[in-house]
Amino acid sequence: MKALRIASVLLILSILAAACAPAATPTPAATAAPPTSALPDLGGREVIVAVENAYPPFNSVDANGNGIGWDYDAFAEICKLLNCVPKFTLAAWEGIFEATAAGQYDVVADGVTITEERKQTVAFSDPFMVTPQVILVRADETRFTDKASLVANTDLKVATQIGTTNYIVAEQLVGASRVSSFDTFDGAVLALMSGDSDAVIIDKQAAKGFMTANEGKLKTLPDILSGDELGFVFKQGSDLIDPINKALAEMKANGTLDSLQQKWFP
């Protein structure tokens with residue numbers, strides 16, 4: 001009887017304990033881990049980017065002395081994707097490949113044409129743009145209207161930048177004796193506008209930049225002289241080539257390259 005009474009008491013206590021216990025908290029469903037970016041993380045690394053600041057709309061200086069252009073915007077986006085800090089450094093075109101090969105710059109951003117000859121000295125990114133070469137002339141030019149008439153008039157002089165594929169095309173077009181070379185395209189275009197030269201052989205995108213900067217004063221002839229793939233320049237073996245190629249691929253996929261094209265090359 002005592003045992004039965006004890007058992008009854010224990011049963012009552014267990015029922016009371018169960019009634020007073022807090023409700024069980026359901027186990028939360030497993031949360032998927034946030035997706036990991038496929039892009040490398042450069043850990044805030046500073047990247048020295050060489051620019052001429054004389055090749056609009058790729059790179060130039062505004063009225064306040066600030067660097068602007070496609071190269072500036074492109075590298076701002078690249079470093080946003082890769083967690084790096086671009087440090088833009090002024091560089092002269094002549095010797096820029098040798099300086100890059102020696103490690104003076106991490107990368108050159110200057111609308112550079114990819115060529116096999118240059119690959120003997122430096123490395124390139126994947127192409128980010130293809131641009132044709134064109135003939136830039138004064139807006140009031142009437143002595144010639146196309147490539148053929150420019151070539152035929154042996155009194156006409158052609159200007160371009162030394163050490164570029166444009167210089168090679170100019171020589172092939174009219175002969176070395178009729179070509180004036182300049183350290184920058186700024187100089188070549190100034191020679192054109194002043195009448196010291198009659199035409200400039202230049203990439204189409206850069207021609208647009210100079211026409212925008214000198215509205216109503218310049219035009220291009222209808223001929224397309226060649227098509228060039230453009231890329232960024234690195235020291236051979238640089239550990240930045242693969243990350244920047246991946247960033248360029250992402251920018252192509254997400255529409256950023258198209259947006260930059262529309263902004264700087266309307």
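Mentor: What follows describes the cavity and its lining. This is a predicted model, in which local features need pLDDT of at least 70 and side-chain atom pairs count only at pLDDT 80 or more, while totals for chains, interfaces and linings use all residues. Residues are numbered from 1 along each chain as its sequence is written, and side-chain values use heavy atoms, with hydrogens and water left out.

Rolling a probe the size of a water molecule over the atoms shows where empty space is left. Here a cavity is a set of points, on a 1 Å grid over the protein atoms alone, where a 1.4 Å probe fits but cannot get out. Searching the whole structure gives one cavity of 30 Å³ or more. The volume of the largest cavity is about 90 Å³, counted as the space filled by probe spheres set on the points, which are joined across faces, edges and corners.

By type, the lining has four nonpolar, six polar and four charged residues; Ala, Val, Leu, Ile, Met, Phe, Trp, Tyr, Cys and Pro count as nonpolar, Asp, Glu, Lys and Arg as charged, and the others, Gly among them, as polar.

Strand 5 (107–113) gives the largest share, four residues, and helix 5 (165–174) supplies at least two. Helices (H or I, at least four residues) and strands (E, at least two) are DSSP runs, numbered from the N terminus. Domain 1 (46–130 + 230–265) and domain 2 (131–228) each contribute at least three lining residues, with domain bounds taken from an automatic or database domain assignment.

Key. On a 1 Å grid over the protein atoms alone, a cavity is a set of points where a 1.4 Å probe fits but cannot get out, and a pocket is an open set with protein on both sides within 12 Å along at least five of seven lines; lining residues have an atom within 4 Å of a point.
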